[in-house]
Amino acid sequence: MKSFKPLLTAILASSVLFATSNAMAAHHSDKSKVDSVKTHMTHKTSHKKADKDKLELKKTEHKKTHHKKAMEEEKTMAKTHEAKTQNLDAKKHESKAEKAEMKKHEEKATKQASQKIAKDVNINTATAAELQASLIGIGEKKAQAIVDYRKEHGKFTKAEQLMDVKGIGESIFAKNKSHIDL
């Protein structure tokens with residue numbers, strides 16, 4: 001048995017070494033599996049982060065697009081408002097211009113009427129139309145007032161009596177004095 005003891009010791013040592021080697025291999029295999037799982041998890045986490053980043057990027061792009069559209073709509077609204085305001089301003093300007101033109105025309109007509117050259121006229125026989133056409137500052141109403149005064153009071157005996165007619169004062173009389181016949 002003595003001779004078997006070294007052999008048994010060698011076999012036992014070899015078995016222990018084999019077992020240790022297997023255990024280490026198993027441990028190494030387990031470690032590889034763990035490393036593989038860790039690598040897989042790392043990749044999975046990386047993919048999730050990448051997916052999350054992509055989602056955030058899409059959200060950001062969507063916000064930018066939405067913001068850009070909102071800004072474009074706001075610009076369009078501002079341009080529309082500006083156009084309406086300019087249109088109103090143009091209408092106001094046209095209206096003011098038209099009023100100014102009308103006023104200018106009326107002033108010109110009044111000036112022409114006041115610059116009318118007096119003609120000799122008999123205030124006792126002339127019609128309202130003849131009086132209006134012949135006397136400076138005498139329009140339709142004043143001409144009719146002269147005719148009405150004449151009907152009510154009789155013929156004028158003096159040219160100065162013309163100032164007794166309502167609306168005819170010294171100024172109008174002075175402008176026409178030399179052209180009034182009786």
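What share of the 182 residues in the protein is buried? Buried residues make up 14% of them, where buried means under 20% relative accessible area, exposed means over 50%, and partly exposed covers what lies in between, with a 1.4 Å probe and protein chains only. This is a predicted model, in which local features need pLDDT of at least 70 and side-chain atom pairs count only at pLDDT 80 or more, while totals for chains, interfaces and linings use all residues. Residues are numbered from 1 along each chain as its sequence is written, and side-chain values use heavy atoms, with hydrogens and water left out.

**Overall layout and confidence**

- The protein has four helices and two strands, which follow the pattern α-β-α-α-α-β along the sequence; helices (H or I, at least four residues) and strands (E, at least two) are DSSP runs, numbered from the N terminus.
- The mean pLDDT, the predictor's confidence in each residue on a scale from 0 to 100, is 76 for the protein, and 60% of its residues reach 70 or more.
- Confidence is lowest in helix H1 (residues 4-114), with a mean of 67, and highest in H3, with 95.
- Among contacts (heavy atoms within 4.5 Å) between residues at least 6 apart in sequence, 40% join residues at least 24 apart.

**The largest nonpolar core**

- A nonpolar core is a set of buried Ala, Val, Leu, Ile, Met, Phe, Trp, Tyr and Cys residues joined through side-chain atoms within 4.5 Å, and in the largest one, which has 19 residues, Leu131, Ile146 and Leu162 touch the most other members.
- Helix H2 (128-134), helix H3 (140-153) and helix H4 (170-176) are the elements that each give two or more residues to this core, and H3 gives the largest share, four residues.
- Leaving aside residues up to four places away in sequence, Ile146 touches Leu131, Ile138, Phe156, Leu162, Val165 and Ile168.

**The aromatic pair**

- Rings of Phe, Tyr and Trp (its six-membered ring) pair if their centres lie within 6.5 Å, and planes under 30 degrees apart count as stacked, over 60 as edge-to-face and the rest as tilted.
- A search of the whole structure finds one aromatic pair: the ring centres of Tyr149 and Phe156 are 5.6 Å apart and their planes lie at 20°, so the pair is stacked.
- Both Tyr149 and Phe156 are buried.

- Ser134 is found in helix H2 and is buried, with a relative accessible area of 9%; a polar atom of the Ser134 side chain lies 2.9 Å from the backbone oxygen of Glu130.
- Not counting residues up to four places away in sequence, Ser134 touches Ile117, Ala118, Lys119 and Val121.
- Ser178 is found in the loop between H4 and strand E2 (180-181) and is exposed, with a relative accessible area of 60%; although Ser178 and Ala118 are 60 residues apart in sequence, they are 8.8 Å apart in space, C-alpha to C-alpha.
- Glu170 is found in helix H4 and is exposed, with a relative accessible area of 66%; the C-alpha atoms of Glu170 and Glu160, ten residues apart along the chain, are separated by 9.1 Å.

How values were computed
Polar contact = N/O pair within 3.5 Å; in protein donor to acceptor, adjacent residues only side chain to side chain.
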